[in-house]
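Thanks for asking me to look through this one with you. Here are my comments, point by point, for you to follow alongside the coordinates.

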Amino acid sequence: MVRKMGVYAVLAYVIYGLFFYWYLFYFADTKLPFEYQGSKADPATFLNGRELMLSEEYSKIRNLLFFLSTPFEWLFYFVILLFGFSRAFKRWSESSSKYKLLQTAIYLIWLSFFAYVATFPLSYISYSLSKTYHISTQTFPSWMKDELIDFWINYGTWLIIVPVIYWLMKKSSKRWWFYAWLLSIPFTLFMMFLQPVVIDPLYNNFYPLKNKELETKILTMADKAHIPAKHVFEVNMAEKTNSMNAYVTGIGSNARIVLWDTTLNKLSDRQILFIMAHEMCHYVEKHIYFGIAGYLLLSLLGLYLTNRIMDWAIKRWGTELKIPEKKDLRSLPLFLMIISFLLFAVSPLTNLASRYEESRADNYAIHMTKDPEAAIISFQKLTKSGLSQVNPPLLVKIFRYDHPTMLDRISMLEEYEIQHRNQIK
Ligand SMILES: [Zn+2]
């Protein structure tokens with residue numbers, strides 16, 4: 001039975017992978033609708049032939065890797081349970097120490113280590129792909145260092161969360177998910193508060209803007225929106241990537257706007273001001289807080305469902321999955337598998353909400369800067385530097401795009417430009 005279940009799972013994964021390969025490489029049509037051809041959103045007007053070809057090719061492979069990675073996690077956790085790895089990790093942890101907490105720490109090390117090794121090929125392919133296409137400029141040692149930081153931060157986070165969850169399960173098998181959710185509120189807020197000052201600096205350096213002339217322009221604009229100067233940062237990304245970005249992070253006194261130095265180096269001042277105005281909208285409209293509220297709401301539902309699914313799966317498949325009961329640490333891969341699945345399932349909804357905020361930010365920015373020419377060029381350069389698709393396939397948009405497509409974003413700006421031109425006349 002166990003072997004059969006393993007074969008079915010691998011088979012399902014392969015069929016799923018082949019489906020997406022066919023969908024992305026043969027079925028999906030990324031050609032622009034007729035009415036957009038020749039417009040400023042048409043990549044043929046701002047990319048050369050080689051860039052056009054590369055961006056299609058690169059995006060297709062990237063999209064495939066995206067769709068392969070998450071279900072691969074589910075397959076991994078399933079195999080870990082089915083073939084008794086989880087049981088073995090628990091046995092090894094019990095023979096190494098008699099202290100419960102230390103046992104959990106050892107179990108987690110084994111699980112994290114195996115998960116890392118299993119997913120390493122996909123991460124490495126992803127890294128070397130972006131290096132081949134000259135997006136990433138990061139050396140292997142530097143990439144590996146980031147990977148190790150990721151590993152230990154994840155490990156540390158789970159080391160805090162897992163003992164609490166299993167302790168709650170022991171206390172109340174029926175209501176642990178609700179208590180876990182209550183505790184997750186202060187924990188999430190605390191992590192969001194620490195993120196920009198404790199976690200992010202482990203990867204990169206953050207400092208005030210280097211170009212003082214530009215800084216004055218940016219801070220003057222920020223001042224209009226009542227954003228204090230000490231909340232605007234530059235980060236050194238040029239040693240890692242050619243692509244451009246800017247974002248808002250942190251909460252309370254740690255809220256900040258961060259501009260990648262690549263953005264500052266590659267765009268003109270007018271273009272940078274448009275990007276900055278976009279980020280200011282996120283800051284002023286407090287999109288992070290809406291994000292946290294939405295996340296907490298969904299996680300209440302998610303934890304409830306996790307509990308129900310765990311009960312059902314253990315009752316039905318407990319013997320095959322080698323999980324005697326929910327509160328046994330051996331059920332952790334099942335817990336992680338369900339969480340990963342629910343996150344993937346809800347991503348179309350969270351992406352939709354994010355795309356709404358992003359288009360608000362674009363609107364805010366263009367009304368603030370009133371400079372559609374610079375705005376359009378900044379988006380064209382963004383497309384070019386990341387070799388991104390202007391008009392991605394529908395499933396890619398639904399599952400992957402937390403920003404509107406460049407077709408939508410540039411068309412909106414072009415429309416503004418046309419209206420504005422008519423007003424002047
Ligand atoms: Zn944004």
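**Notes on the model**

1. Along the chain, the donors of the zinc ion follow the spacing H-x3-H-x75-E. Please keep in mind that this is a predicted model. The residues behind that pattern are His 278 and His 282, each through NE2, and Glu 358 through OE, with distances to the zinc ion of 2.0 to 2.1 Å.

2. His 282 belongs to helix α9 (residues 269-284) and Glu 358 to helix α11, so the pair ties together parts that are 76 residues apart in sequence. As for accessibility, His 282 is buried at 9%, and Glu 358 is buried as well, at 8%. Both values fall under the 20% cut-off for buried residues.

3. Next, the second largest pocket, which holds about 480 Å³ of space. What is the class make-up of its lining? There are 18 nonpolar residues, with no polar and no charged ones. Of the 18 lining residues, those nearest the centre are Trp 74, Leu 75, Phe 78, Met 337 and Phe 341. Four helices each supply at least two residues of this lining: α1 (2-27), α2 (49-82), α10 (287-321) and α11 (332-369).

4. Phe 20 is buried at 7% relative accessible area, and Phe 67 is buried at 1%.

5. Phe 67 has another partner to check. With Phe 399 it makes an edge-to-face pair, at 6.0 Å centre to centre and with 75° between the planes. Phe 67 is in helix α2 and Phe 399 in helix α13 (residues 394-400), so the contact ties together parts that are 332 residues apart in sequence.

6. Lys 210 lies over the face of Tyr 207, 4.7 Å from the ring centre. Arg 256 lies over the face of Phe 233, at 3.8 Å from the ring centre.

7. Is Lys 240 buried or exposed? Lys 240 counts as buried, with 9% relative accessibility. Its place is the loop between β2 (232-235) and β3 (246-249). The C-alpha atoms of Lys 240 and Tyr 289 are separated by 30 Å, and the two residues are 49 apart along the chain.

8. Lastly, a backbone check. Most residues other than glycine have a negative phi. His 226, which is not a glycine, has a positive phi of about 60°; this residue lies in the loop between α7 (212-224) and β2. Leu 387 also has a positive phi, near 45°, and is found in the loop between α12 (372-386) and α13.

How values were computed
Residues numbered from 1 in each chain as written. Predicted model: local features only at pLDDT ≥ 70, side-chain atom pairs only at ≥ 80, totals over all residues. Heavy atoms only, no water. 1 Å grid on protein atoms, 1.4 Å probe; cavity = no way out; pocket = protein on both sides within 12 Å on 5 of 7 lines; lining within 4 Å. Points joined across faces, edges and corners; volume = space filled by probe spheres on them. Nonpolar A, V, L, I, M, F, W, Y, C, P; charged D, E, K, R; others polar. Donors = N, O, S within 2.8 Å, 3.2 Å for Na, K, Ca; no water. Buried < 20%, exposed > 50% of the residue type's maximum accessible area, 1.4 Å probe, protein only. Phe/Tyr/Trp six-rings, centres within 6.5 Å; stacked < 30°, edge-to-face > 60°. Lys NZ or Arg CZ within 6 Å of the ring centre and 35° of its normal.
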